[in-house]
Amino acid sequence: MSYLLPLLVFLPLASALFLFTTAGKISAQTVGFVAASAIGLSALCSIVLAGAFLTSAPSTPLQITLWEWMHTQEFSADIAFALDPISLLMILVVTIVGFLIHLYAIRYMEEEPGIARFFGCMTLFVSAMLVLVLSSDLLCLFIGWEGVGICSYLLIGFWYENPRNTAAARKAFYMTRIGDAAMLCGLLILATSTGSLQTHTVLTALGAGTIAPQTLTAAALFLLVGGLAKSAQIPFQTWLPDAMAGPTPTSALIHAATMVTAGIYLIARLHLLFAAVPLVMMLTAIIGALTILMAACTALVQTDLKRILAWSTISQLGYMFLALGTGIWQAAVFHLMTHAFFKALLFLTAGAIIARLHHEQDIFRMGGLYRSMPGLTAAFLAGAAALAGLPLVTSGFYSKEMILSSIWSAHFPLAPLFLPLAHILWGMALAGAFLTALYISRCVFIVFFGPSRTAASGSTPRLMAIPLACLSFLSLFGGVIEMPDTLAPIHLFTRFLSSPFPHAEEPVWLVLTGGSVPIAGIVIAWILWGRATPVMQEIPGQSTIIRMAKEGWGADALYDFLFVQPFRFLVWLTRHDILDYLILGIGRMTRAISTFFETARTRSLTLFSGKTILFLHEGDALLARFQNGRVRWYAAWIVAGLCAALVSGVVS
Amino acid sequence: MPPTTFNAVLLLSSFLFTIGLTGVLIRRNLLFMLMALDIMLNAAALLFVAAGAHWHDATGQVMFLMILALAAAETAVGLAIILALHARGRPSLDADTGNLLRG
Amino acid sequence: MSPLPALVLLPLLGGAVAWLADRSSTTGTSSARKISWRITLMVLTLETVLLLITTFGQHSYQGPWLDHFSIPWIPIMGISFQLDMDGLSLSLLWLTLILSFPCVLLATRKIDTNAGAFHFLFLAALTGITGTFLATDLFLFFFLWELMLVPMFVLISAWGHEDRHRAAIRFFLFTQGSGLLMLLSILGLVITHYRQTDVLTFDYFTLAHTHLSSFLSMVLMLGFFIAFAVKLPVVPVHVWLPAAHTQAPTAASVLLAGLMLKTGGYGMIRFNLMLFPETALRFAPVAMGLGVAGILYGAWLSCAQNDVKRLIAYSSISHMGFVMLGIFTGSNTGLQGAIVQMLAHGLSTGALFLIAGSIQDRLHTRDMAQIGGLWASWPRLSSAGLFFAVASLGMPGFGNFTGEFLVLLATWHVNSIVAALTTAGLVLAAIYSLRMVNRIFLAPTRTPPLHATDFSIGQMSVLGVLMVLLVLLGVHPQPVMTLSLPSSLSTAAPSSGGDYGQ
């Protein structure tokens, strides 16, 4: 059975290779068909695997080591896959949601000239994502981790003719790359302390206590930063809204359902490691809670349909981080699954609506759409209800309820005693749930009800409608596999993930609160925006706070001011190689010095030789005076000389 | 005639030589210079003879004869030069005008 | 009979034949003009066959090294023509051949002016490089080291671009000057050995056992180190590289970046680490600091370039910083990482230079602002460019990541803060690579290129081979890592306790 694992990865990869090599030679229909069938086969494989896994004996994870990757004296890594409950769940989500999105994209993208590139990147993305979730080696996971990043980059910048799209793509990649560098540091810490990045080796070393606490804290922190960047949590949240520049199927698959959940998957996979570091756990929970509120408030004032959904994604990912931080990773994974269903549905429906409205994305130019497109309205309503967490009938309710009720009784060992951190976080999460219901209902009321503002054209093709129907079904009923004890003791999901899940005592009022808050949100939204004469005539940029919120609380501007501009300026400042100049300068200086010496030497020589010549002239004239050609003088000199010789001879 | 002493001859010879030398140095006329030269040569020759007589050696007389011949030759060459100069159209006997070798 | 001397001398002889053939066939028809190109291709094919024989043939030579060849050259000075091959040499030789094929297939065919001389110089440089990887006589090593420079100098200054003379002279001065330092070191080592044992020899293995005082060995090692550091290049002495890479003709750029820089890394492993192991260990902190400085400095400057070839050149400096860092970590992991990084950098940067050169041949500009988006008109060229740019930013699954990861791992063992700092280089790598991609490949179309055409299928398949190798190096580097470790110094017995032995 284990040979299915590499096959699962290989099918999308092969299709991506095929599409890239035959780009421009085969028709758009074939391209879409090849891509969708590859993902479909993968989905089939994963369903077969799921069947086999569920029927076989538990606690036997399926493992396969393909080949040795790097083995050195102190470190070894393998290309190895393993299937355990978390990764099984993830491959099901990735391949099934991925398959539905690919089906949808066949018609959605058929007019595009770069369709082969689009489907090539999409299938490549699926295979990278599968590598990410299937790897049993953290370094092998890192291949997928970076691979999904580069595919996301290529797909956000798919319409490269507009520089804003490519800028958004680069922004996404740079921010996640910063996280990736941090994550690499975390991996290096683990690798140096355990000598391997095999998940079970790391966890065994952790259990044996061979890793020093400080090392563990550092590793967990670095890995957390990696996860935060990938999942667009608070310091890194700005890339995700911009990433909506890509085609809508991309937003649905990568920036809602799968890639952004990689951070959650990583932490859930290493939950034992994180559980050993309470500080990081607390940090995770706090960041998650802050992100929920911040992103929900931002989503409340957005006017672009896709950006509303993007901020809502960030907010929902915040729930998952909150759950991870409080130690209930099962709830996080559960919410990950339901979120994948309903957010993919919302994005795809939004894409279909936008396509039928001639690429109009502003919700205030839509309105009354339930008359012209009832099917899409129903699908969007299903997704919105699941997102809001409408009690009992939606999957979002069950997963969110699981998080909310578990937080109440969570325990943070590092929190000060006087501060009921768990209760504060619960309150924040509850406020987030209220805001979620509020903003998505606002969106629904403005877009689908009220007066019609833009005429819709055409109809939604059946190939696009089928995935929407499937996803609607999953959004509504995908959550019944896990229920609060108050309603029914169904715990299929948690039992599947981990045998003993410590179900805390859930007071009835907790479930009631969790259930009533979304309803309150919807009611208030109806009062504000839903009635014939809306209470709130929203004018964009009405007040400073709305403007601030619309821009994502100024984080973009802040980063631009703090990092991007200084970086650009410094790079511009140092665009010429200083060392080059230095060396050239030394050369010039040497030349100047040597020129100086040369002139000095020339001058001194001139001076010296002039003096010599003068002196010689003088001597010459003196001697010439003796040489007067007069015989008598010569004779006289001879005599004088003789006399002098005689005298000297006599005297001495 | 009392025998002349060697010292007296030496004195005479020196005297003659000085006269000759003075003549060479102060006379500008070439003829007189030649004559002064001859006086100097004769002073030397006298000294040779006296020295030969004093030490009873014949070499002194031999040298005298040679100086005699030398003086004759010298005078002849000197007069010939003067005549040649004269023939080239240089009618002066002034030794100081012939200073073509001046540096 | 060992095929090693043939491996070294064949390109030189073949080059001479190519030159003569080209001179004798000046009829002017285009087929006759290509004769030197054909001969070059034949020479490379022959060389491949020879290397295949060397790799897979039965070796009569028994020892820790794979193959050995030696004949006396200048016996009175103790100089011999001695070649030895171990795994490190072998893997670098393969890189040499693998890269020279795309050079010849994609770049040198375009040369019209004096093609014979060009091919002769190209092959002569190849001889120098091959010989450098094999020579184990220090004099021979120095000889071949210098032999490699002269043809390259002529290639740059005769066939280069607008500012070629300055670039060529700077290249020559830097490399030649540092080469002289190495000669001094070699002589110092030889003379010290002569004083101790009365044996005048340039033999690498004999000299390795010279006893040196710690000061002397540091001085001698620095002489070698500076020569290799200039070649690698290491940051303060990298100044020749951007100019030379930018101005050189495409084939010479590929040779420079893909192979010639590797001789620096090879030299550091073979002559710094193995001849002076203790000294190298003492020197390691400085060298690692220089390596990190190179990584960050190269990447930073690469972010600021507008000239595409300059950008790639600075990125090479950054990548070679990893090589330096890995070599001086003092562990096998770091060494293996450095070697894998050298191979991967040769493939990826060589290919990038080929692509940049092709762009320049077609558009006559290297300015990224003027090139504009090429994807719409030349999808094949652009996708190849995208592929290698992604590889060079250190994407896992490509050889560059394997090398960088192993180096970082080894560095983390030595000093975690330095390693963490180095990962910042990875972020910068993303910035410059994607900046290039979004300026010239995936960007708004600027000027429709008129007469130029995209890469043909054949050219793409040549690049495809490079791609496959790069991915293989990324996901399955283990055979290369096992093969390419340098053999230990003792020729007599199989290595047992060598620090850097297998």
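Guide: A helix here is a DSSP run of H or I with at least four residues, a strand is a run of E with at least two, and both are numbered from the N terminus. By that count chain B has three helices and zero strands, in the order α-α-α from the N terminus. The model is a predicted one, with an ipTM of 0.89 and a pTM of 0.83.

Along the principal axes its C-alpha atoms fill a box of roughly 55 × 30 × 25 Å. Of the 103 residues in chain B, 14% are buried. Among contacts in chain B with a separation of 6 or more, 48% join residues 24 or more positions apart. Chain B has no contact with chain C, and the closest C-alpha atoms of these two chains lie 58 Å apart.

Chain A contains 26 helices and two strands. Chain A is more spread out than a compact globule, because its radius of gyration is 38 Å, well over the 26 Å that the globule rule gives for 652 residues. The box filled by the C-alpha atoms of chain A is roughly 150 × 65 × 65 Å along the principal axes. Buried residues are 52% of the 652 in this chain. Of the contacts in chain A between residues at least 6 apart in sequence, 79% link residues at least 24 apart. The domain assignment divides out domain 1 (288–538) and domain 2 (578–651) of chain A, and the C-alpha centres of these domains are 104 Å apart.

Now to chain C, starting with its confidence. The average pLDDT of chain C is 86, and 93% of the residues score at least 70. Residues 491–502 of chain C are an exception to note: the pLDDT there is below 50, although the stretch has 20 contacts in the model beyond near neighbours in sequence. Where pLDDT is low, predicted coordinates should not be read in detail.

Two pairs of chains are in contact, and of these chains A and C share the most contacts. On the chain C side 43 residues take part, and they meet 43 residues of chain A. Two or more residues each come from α12 (277–303), α14 (332–363), α16 (379–392), α17 (399–414), α18 (416–441) and α20 (478–483) of chain C. The most come from α18(C), which gives ten residues. Sorted by class, this side of chain C holds 31 nonpolar and twelve polar residues, with no charged ones.

The UniProt record, in an unreviewed entry, places the feature "domain: NADH:quinone oxidoreductase/Mrp antiporter transmembrane" at residues 135–423 of chain C. In the model that span is 80% helix and 0% strand, with its end C-alpha atoms 36 Å apart.

Gly14(C) sits in helix α1 (residues 4–24) of chain C. Gly14(C) has 24 other C-beta atoms within 10 Å, so it counts as buried, the cut-off being 20 or more. Leaving out residues up to four places away in sequence, Gly14(C) touches Ile39(C), Val43(C) and Leu123(C). From Gly14(C) to Thr40(C) the C-alpha distance is 6.9 Å, at a sequence separation of 26 residues.

The peptide bond from Leu232(C) to Pro233(C) is cis, with omega near -5°, and Pro233(C) belongs to the loop between α9 (214–231) and α10 (240–247) of chain C. His364(C), in the loop between α14 and α15 (368–371) of chain C, has a phi near 60°, a positive value in a residue other than glycine. His364(C) is exposed because 10 C-beta neighbours lie inside 10 Å, and the limit for exposure is 12 or fewer.

Technical notes. Residues are numbered from 1 along each chain as its sequence is written. Chains are lettered from A and ligands numbered from 1 in the order in which they are written. This is a predicted model: local features need pLDDT of at least 70, side-chain atom pairs count only at pLDDT 80 or more; totals for chains, interfaces and linings use all residues. Two residues are in contact if their C-beta atoms, placed from the backbone, lie within 7 Å. Ala, Val, Leu, Ile, Met, Phe, Trp, Tyr, Cys and Pro count as nonpolar, Asp, Glu, Lys and Arg as charged, and the others, Gly among them, as polar. The radius of gyration is taken over C-alpha atoms; the globule rule is 2.2 Å times the number of residues to the power 0.38. pLDDT is the predictor's confidence in each residue, from 0 to 100. UniProt positions are given in the numbering used here, feature names are shortened, and annotations may be inferred rather than shown by experiment. Domain bounds come from an automatic or database domain assignment.
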